[in-house]
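Here are some notes for a colleague who is opening this structure for the first time. Keep the view beside you and take the points in order.

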Amino acid sequence: MNRWVDTNYHELFVFLAICFLMTRNKKVSLKEYWSTNQLHFFPIFSKLMSRDRFFLILSVLHFNDNKTQIPGDKLHKLKPVVDHMKSAYKNAFKPFQDVCIDEGLVLFKGRLGFKRYIPSKRKRFGIKLFVLCDVETKYILDFIVYVGKGTEIEDSDMGVSSSVITTLLQPYMNKGHSLWVDNWYSSPTLFNFLHQRQTNACGTVRKNRKEMPRFGKKLKIGETEAKHTQNLLALKYKDKREVFMLSTMHKNEFANTNKRDKVTNLPIQKPSAVIDYNQKMGTVDQTDMLLSSIGCLRKSLKWYKKLFFHFIDTSLLNAYSLYLVNTGKRPSLSEFHINLIGQIIEKYHEARVQVHRGRPSTSEDRPLRLIERHFPSLVPPTEKKKNPTRYCRVCGTNKKRKESRYMCKDCDVALCVVPCFETFPTIKNF
């Protein structure tokens, strides 16, 4: 901290570009990105920012004033970021007809009061999010960070799961949208509530939900049993197991799945509600899969840093969705990701003077040293010296302090013309 100088807008963008770039080049530890060992040497990182500066910015990342924290506000450390992201996501895009709500999980295994365990998720332990997505574009419209008691949801008489739905859907009601949810949210009470506000809904449902009708008939594979009111269709369908569906937008009818039975070669048919649900539900899981390929998340003991980088990743994914919608072009996410990194660096990077410090590279850092070609060149001039010199690598190994004006440019080591320039590329242990 004694070497700290104030950062600026441009430097923070470069910092984020480095975080994005790290996902393209996986290393065992962060320090390896600045290593001079040829086995994992990647010079762009040291050109963009020094290692110590990157670690210093990473260590002091903070987003709110601890002195203003209100007792019971568990999200205080990240509150400005959460509020800004939620507002930006809503204002940047208006969804198409179909939207879905599901749970997401940000991996975190540290000590945290609102850490959750979800066995159905691949990561299982972490910070739980309720996420609202547009089905067609996979754009993340809104989210709620679950912190247990104190989670920012509107109270309702229909239960916690319904309160999550009404909170996330509040700006989109009375506009003719269709909602897709799983059985943790679905209930006849909620679906009737949404139907009254011109919002259709469909999803799997638990058979013992309050106000669900009783199904007594034992079904064979492929058979259905349906009951309905003026607004609701409750459906029991037997596939490999019994599936219970609830919908305000479907009829009790079958449709082709565009697949054929392997034994009879006949077209496979399923209830239209089941087919549509399988196609349109699962958008949140798909966004999690996409984020896993570009995520700049790193191990951290600070939960708010982990969540911050997750929001940076989701912002990048949303930017990709908007790019596809607005331009009509279809680059892969990987192409968009690398092009974005390049544009950030081009716009915000300011050239830095690299100063060589620390111990010189060893023979282990350059395993090809004995078979490469080496040519002498002058040490390049600096602002202070027209004819600078550097300590000879070979002499330094032999505990002699001798300077030379000549160097091997490819190896980036200074060498005496005689005899060190002959010794360095021909002797392993000089």
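**Notes on loops and helix packing**

1. Start with a loop. N174 sits in the loop between α5 (160-169) and β5 (178-181). Keep in mind that the model is a predicted one. Phi of N174 is near 60°, a positive value in a residue other than glycine. With a relative accessible area of 47%, N174 is partly exposed.

2. D412 is a further case. Its phi is near 55°, again positive in a residue other than glycine. D412 belongs to the loop between β15 (406-408) and β16. Its relative accessibility is 31%, so D412 counts as partly exposed.

3. Check the peptide bond from V418 to P419. It is cis, with omega near 0°. P419 lies in the loop between β16 (413-414) and α12 (420-423).

4. Now the helices. Two packed helices are described by the angle between their axes and the distance between the axes. Take helix α1 (residues 9-24) and helix α9 (residues 303-327). They pack at an angle of about 85°, with axes 12 Å apart. That makes α1 roughly perpendicular to α9. On the α1 side, F15, L16, C19 and F20 make the contact; on the α9 side, F309, I312, D313 and L316 do. By class, the residues of this contact are seven nonpolar, no polar and one charged.

5. L58 belongs to helix α3 (residues 51-59). Which residues does L58 contact, leaving aside its neighbours within four places in sequence? They are F15, L30, K305 and F309. Of these, F15 of α1 and F309 of α9 also take part in the contact between those two helices. T229 is elsewhere: L58 and T229 are 171 residues apart in sequence and 57 Å apart in space, C-alpha to C-alpha.

6. Helix α8 (residues 283-294) also packs on α9. The angle is about 105°, and the axes are 10 Å apart. The two helices are therefore roughly perpendicular to each other. From α8 come T287, L290, L291 and I294; they meet H310, D313, T314, L316 and L317 in α9. The residues of this contact divide into five nonpolar, three polar and one charged.

7. Look at α8 by itself. It has 12 residues and reaches 17 Å from its first C-alpha to its last, close to the 16 Å expected at 1.5 Å a residue. Its buried residues include T283, V284, T287, L291 and I294. Seen down the axis of α8, the buried residues fall within an arc of 95°, so they line one face of the helix. What covers them includes α1, β1 (98-107), β3 (125-134), α7 (272-280), α9 and α10.

8. Turn to the other side of α8. M289 and S292 are exposed there. M289 has a relative accessibility of 54%, so it counts as exposed. M289 and L340 are 51 residues apart in sequence and 20 Å apart in space, C-alpha to C-alpha.

9. α9 and helix α10 (residues 333-348) pack at an angle of about 110°, with their axes 11 Å apart. That makes α9 roughly perpendicular to α10. L316, L317, A319, Y320 and Y323 of α9 meet L333, F336, H337 and L340 of α10. This contact has eight nonpolar, one polar and no charged residues. L316 of α9 is also listed in the contact with α1 and in the contact with α8.

10. Finish with helix α4 (residues 79-92). It has 14 residues and reaches 20 Å from its first C-alpha to its last, close to the 20 Å expected at 1.5 Å a residue. Which residues of α4 are buried? They are K79, V81, V82, M85, K86 and Y89. These cover an arc of only 165° around the axis, which puts them on the same side of α4. They pack against β4 (140-145) and α9. The face turned away from the buried side carries the exposed residues H84 and N91.

Definitions and conventions
Residues numbered from 1 in each chain as written. Predicted model: local features only at pLDDT ≥ 70, side-chain atom pairs only at ≥ 80, totals over all residues. Heavy atoms only, no water. Axes fitted to C-alpha atoms, helices over the stretch in contact; angles between N-to-C directions. Helix = DSSP H or I, 4+ residues; strand = E, 2+ residues; numbered from the N terminus. Parallel < 35°, antiparallel > 145°, perpendicular 65-115°, else oblique. Contact = heavy atoms within 4.5 Å. Nonpolar A, V, L, I, M, F, W, Y, C, P; charged D, E, K, R; others polar. Buried < 20%, exposed > 50% of the residue type's maximum accessible area, 1.4 Å probe, protein only. Expected span 1.5 Å × (residues − 1). Arc of directions from axis to C-beta.
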